[in-house]
Amino acid sequence: MAEGAASTVGAGSDVNTAGNPTEIAMAYLQDEKTDGDIANLNLGDLDLTTDEFILDEVDIHIQANLEDDLVKEALKTGVDLRQYSKQVEAELQRIEQASIKDYIKESRNIALLHNQITACDSILERMEGMLSGFQSDLSSISSEIQTLQQQSVSMNIRLKNRQAVRSHLSQLVDELVVPEAMISTILDSPVTEQEFLEQLHELNNKINFAKELSFRETLACSDIQDIVDRLKLKAVSKIREFILQKIYSFRKPMTNYQIPQNTLLKYRFFYQFLLANERTVAKEIRDEYVDTMSKIYYSYFKSYSGRLLKVQYEESRNTIFTLGQRGAILSPAELEGPILVPHTAQRGDSRYPYETLFRSQHYALLDNGCREFLFLSDFFMVTGNSALDLFNSIMGKTLSMFLKSMSTYVSDCYDSIAVFLCIHIVLRFRAITAKRTIPALDKYWEAVLELLWPRFELILEMNIHSIRNTDPQKLGVLDTRPHYITRRYAEFSSAIVSINQTFPNERTNALLGQLQVEVENFVLKMAAEFPSRRDQLIFLINNYDMMLSVLMERAADDSKEVEGFQQLLLARTQEFIEEILSPPFGGMIAFVKEAEALMEKGQLDRLKNEEARITQLVRGFSSTWKQSVESMSQDVMRSFTNFKNGTSIIQGALTQLIQYYHGFHKVLNQPTFRSLAVRSELINLHHLMVEVKKHKPNF
């Protein structure tokens with residue numbers, strides 16, 4: 001509207017352009033009123049001049065106007081509505097004129113605002129165009145970035161593929177190329193040089209690679225196949241010659257074959273190369289080694305065993321029942337000590353029992369067998385049953401010779417201690433091989449034990465039958481000293497018990513128990529040949545004491561044999577003490593036992609009439625006890641070969657005598673006998689003990 005007013009004012013020739021704004025505005029309004037087009041203005045529902053009012057709406061407007069506060073106030077005061085309407089209309093015209101004046105007053109500012117809005121609109125339009133351009137550019141850049149990203153991924157994949165192909169091709173080319181250094185080394189260098197070994201490893205890798213390529217039908221393989229085959233043949237030839245020379249060197253007399261074996265171990269890859277590339281040559285070398293070492297071991301052990309037998313001493317009755325120092329062979333120092341050197345022993349006229357020769361022979365077998373098994377496993381690359389079969393193909397002949405020789409010896413051997421020592425030597429050697437985790441000799445140890453155990457048990461059973469069937473009357477004149485048969489038994493039993501402690505065997509313990517029973521019965525049969533009980537007891541005590549002393553030197557104190565003979569010795573000793581006390585002091589002992597029995601029943605009064613008997617006993621003991629004790633002591637010391645045992649028996653007898661005399665005192669102190677005058681003649685018990693101590697022998 002302001003813009004239209006401004007243009008009208010500027011265009012009208014009859015309007016004073018230099019007039020004030022109010023006049024210009026009024027003139028404009030008059031022109032508007034006279035404008036022929038005003039009648040064509042369509043105000044729609046806002047046109048107050050139209051007659052097309054809806055009656056319902058008129059009612060609504062009337063009702064709304066009636067609610068107005070001013071209308072209510074006018075109706076209450078009784079104002080004339082027509083007059084009031086005119087006043088309102090006049091007021092509205094006044095306000096309209098004021099409003100037009102304010103509008104005309106601010107027309108410049110409004111026009112300026114309109115221009116600024118138009119300028120801002122054009123600026124915003126340009127900015128919109130720029131932002132649209134930016135948006136378009138960003139869209140194109142995003143698509144370009146996506147394109148570049150796809151190209152980058154594609155290039156990365158191609159790069160990786162090319163690198164993978166390059167690595168395979170590089171490896172392929174490296175493996176296909178046969179360097180000049182390899183050719184010259186394989187052809188010209190000695191096999192013992194480190195460079196030859198390194199190039200042999202490389203050649204082996206190329207051979208394996210060529211085999212792999214041939215399976216894939218790679219054409220490039222044919223380019224190097226010929227030269228690789230020639231190098232392989234040359235290497236096989238040189239290796240075969242080297243190993244065979246080392247094997248042949250074993251055959252030279254006095255050769256320490258362990259040295260060339262150690263040399264071969266340094267070049268164990270040679271055999272691995274042959275096994276992988278020329279099995280025929282590998283088998284030839286293996287067969288040659290087996291044949292050579294089998295003969296060497298057989299010859300060595302046959303010669304060694306034969307020489308050992310020349311330094312064995314003959315068995316005798318004095319040695320087959322006695323252990324002596326023979327048990328030292330089982331000590332760790334002796335068991336794993338140096339083997340015997342036969343010619344040195346012969347030069348010094350030394351002789352050894354069979355178990356010593358057995359130990360030396362089998363320790364040499366153990367040492368060589370373990371070393372050989374380790375060499376075979378390492379050099380020929382065999383394990384498990386294959387290693388055992390290879391070992392047996394080398395050592396089988398030697399082991400068979402050992403078993404045959406041992407079978408011959410055992411069939412005619414009656415030295416059970418030697419056989420039992422050999423059994424325990426085998427048990428300890430078997431433990432050593434188990435500790436070294438060498439199973440090669442396990443079956444041999446079992447075979448040896450199967451030879452030795454039955455023979456040992458047979459010898460024990462023969463001894464048991466021999467003692468059981470012995471007739472005492474055929475053994476000549478008897479005396480009370482220990483019998484030689486019981487001494488042999490004691491020596492033999494103590495030997496077996498002491499050896500059997502480390503590796504206990506129930507069958508052996510059972511046989512020893514049978515032997516002990518037969519010996520006890522034998523001793524009783526021998527004692528029965530004496531007419532007097534006193535001599536019988538002396539014989540039994542002497543034999544029991546001797547057997548117990550020998551057993552306790554080697555067997556444990558809690559062993560079955562020791563405990564059995566301790567009980568027997570204690571019982572017979574107690575009986576013997578009663579036997580020797582009976583002649584000089586039998587009357588007093590009988591009275592004490594009788595009186596004590598009656599005291600327990602409360603019938604001691606039955607002896608109150610025995611005054612004469614008691615008087616005789618008191619006076620007889622007082623007058624003869626010293627002579628009786630002296631005579632008894634001398635008799636005991638003459639009767640027993642073991643002075644320590646005799647002294648113990650005397651001490652036991654004197655102690656028992658004091659106990660009986662103490663019981664005699666106790667009986668006479670009872671009310672039944674307190675009135676006896678002879679009680680004053682009793683020897684003081686403490687005085688008796690002091691006097692008795694003087695008669696105890698000191699040895």
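Buried means under 20% relative accessible area, exposed means over 50%, and partly exposed lies in between. These classes are used in the legends below, which describe close-up views of a predicted model.

**View 1. Thr 655 in helix H25, with Met 689.** Thr 655 is part of helix H25, which covers residues 643-668. Its relative accessibility is 38%, so Thr 655 counts as partly exposed. Met 689 is 34 residues away from Thr 655 along the chain, and the C-alpha atoms of the two are separated by 8.9 Å.

**View 2. A patch of negative charge on the surface.** Four glutamates, Glu 193, Glu 195, Glu 198 and Glu 202, gather here in a surface patch of negative charge. Glu 202 belongs to helix H8 (residues 194-215). With 40% relative accessibility, Glu 202 is classed as partly exposed.

View 3. Val 88, Leu 92 and Ile 95 make a nonpolar surface patch of about 250 Å². Ile 95 sits in helix H5, residues 81-105. The relative accessibility of Ile 95 is 44%, which places the residue in the partly exposed class.

**View 4. The salt bridge of Lys 283 and Asp 287 within helix H12.** The closest N and O atoms of Lys 283 and Asp 287 are 2.8 Å apart, and the two residues form a salt bridge. Both lie in helix H12 (residues 279-309); because they are 4 residues apart, about one helical turn separates them. Lys 283 is exposed, at 52% relative accessibility. Asp 287 is partly exposed, with a relative accessible area of 37%.

**View 5. The salt bridge of Asp 415 and Arg 326 between two loops.** The side chains of Asp 415 and Arg 326 form a salt bridge, at 2.8 Å from N to O. Asp 415 is in the loop between helix H17 (384-411) and helix H18 (416-435), and Arg 326 is in the loop between helix H13 (317-320) and helix H14 (332-335), so the pair ties together parts that are 89 residues apart in sequence. Asp 415 has a relative accessible area of 5% and is buried. Arg 326 is also buried, with a relative accessible area of 10%.

**View 6. The salt bridge of Arg 613 and Glu 594 between helices H24 and H23.** A salt bridge joins Arg 613 to Glu 594, with the closest N and O atoms 3.3 Å apart. The pair links distant parts of the chain, as Arg 613 is in helix H24 (residues 611-639) and Glu 594, 19 residues apart from it, is in helix H23 (residues 560-601). Arg 613 is partly exposed, with a relative accessible area of 27%. Glu 594 is partly exposed as well, at 35%.

**View 7. A network of salt bridges.** Arg 534, Asp 535, Asp 635 and Arg 638 are linked by salt bridges into a network. The count of salt bridges in the model comes to 24.

View 8. A search of the whole structure finds 0 disulfides. For Cys 413, the nearest cysteine sulfur is that of Cys 422, 7.9 Å away. Cys 413 is buried, with a relative accessible area of 1%. Cys 120 has a relative accessible area of 44% and is partly exposed.

How values were computed
Residues are numbered from 1 along each chain as its sequence is written. This is a predicted model: local features need pLDDT of at least 70, side-chain atom pairs count only at pLDDT 80 or more; totals for chains, interfaces and linings use all residues. Side-chain values use heavy atoms; hydrogens and water are left out. Patches are made of residues with over 30% relative accessible area and no salt bridge: like charges are joined within 9 Å, nonpolar side chains (Val, Leu, Ile, Met, Phe, Trp, Tyr) within 5 Å. Accessible areas come from the Shrake-Rupley method with a 1.4 Å probe; for residues, only the protein chains shown count as cover. Lys and Arg count as positive and Asp and Glu as negative; His and the chain ends are not counted. The place of a charge is taken as NZ of Lys, CZ of Arg, CG of Asp or CD of Glu. Buried means under 20% relative accessible area, exposed over 50%, partly exposed in between (1.4 Å probe, protein chains only). A disulfide is a pair of cysteine sulfur atoms within 2.5 Å.
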